[in-house]
Amino acid sequence: MGPNATRSAMMVLASAMRPTLVFIQTQRRSPITPELIEWVRPLCDTDCVIVKWDGDQHHEPLSPEREWFRELGAACDTSLVVNTAHQLLYVAWGVRNAGYLQIGIDPQLYRPHAIPTPGTPSTVMLASRYAGYAPYRHRQDTVDLLEKWYGRGGFGVYGNGWTGPCAHPMLNQDQEAGV
């Protein structure tokens, strides 16, 4: 959807619904801009809270790639990230009420009592590998250590970008509970 269609759709929905909560999940610069937030806000309930969440960490708070996040964060009521280390930096750079929110789950897909998938190692990690991005180095080090400790039969990492004896492809959401 292009910027004009996004703006029109959001404005029509806000006018019709008068929401009390607007939850925006975006991971990069998009048609959802600070200007769009200011256009939509008067169409919402007077007590509406506009929350932005990006769902994953890809760059450091002050990197050029996060400029969009800082800009949008100044227009939203709160901006949530998936770690607990960056909130003060974001606030110092104009992001309103920076906070923490880890990934949520859909209880219809993630059943804690799912039938185990045959052949699943006893210890698993579900995460993608982002090679060359320094903040994820700890993730790679953790996988290397678990591979060394548990070996192929005892450990498996499921996600994009992994190589080695314990690497498995990314799972569909409905496959994760069994693993």
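Predicted model: local features only at pLDDT ≥ 70, side-chain atom pairs only at ≥ 80, totals over all residues.

Residues are numbered from 1 along each chain as its sequence is written, and side-chain values use heavy atoms, with hydrogens and water left out.

Let me start with Asp-54, which is found in the loop between strand S2 (49–53) and helix H3 (67–75); helices (H or I, at least four residues) and strands (E, at least two) are DSSP runs, numbered from the N terminus. Is Asp-54 buried or exposed? Its relative accessibility is 1%, so Asp-54 counts as buried, where buried means under 20% relative accessible area, exposed over 50%, and partly exposed in between, with a 1.4 Å probe and protein chains only. The side chain of Asp-54 makes a polar contact of 2.7 Å with that of Arg-66; such a contact is a pair of N or O atoms within 3.5 Å, where, within protein, one must be able to donate a hydrogen and the other to accept it, and residues adjacent in sequence count only if both atoms are side-chain atoms.

Now to the rings, where the structure holds 3 aromatic pairs. Rings of Phe, Tyr and Trp (its six-membered ring) pair if their centres lie within 6.5 Å, and planes under 30 degrees apart count as stacked, over 60 as edge-to-face and the rest as tilted. For Phe-23 and Trp-53 the centres are 6.1 Å apart and the planes at 45°, so this pair is tilted. It links distant parts of the chain, with Phe-23 in strand S1 (residues 21–25) and Trp-53 in strand S2, 30 residues apart. Phe-23 is partly exposed at 42%, whereas Trp-53, at 10%, counts as buried.

The rings of Phe-69 and Tyr-90 have centres 4.7 Å apart and planes at 45°, so that pair is tilted. Phe-69 and Tyr-90 are both buried, and together with Trp-68 they form one aromatic cluster.

Finally, which charged end sits over the ring of Phe-69, 3.0 Å from its centre? That is the end of Lys-52, and the charged end of Arg-66 also sits over the ring of Phe-69, 4.2 Å from its centre; this requires NZ of Lys or CZ of Arg within 6 Å of the ring centre and within 35 degrees of the ring normal.
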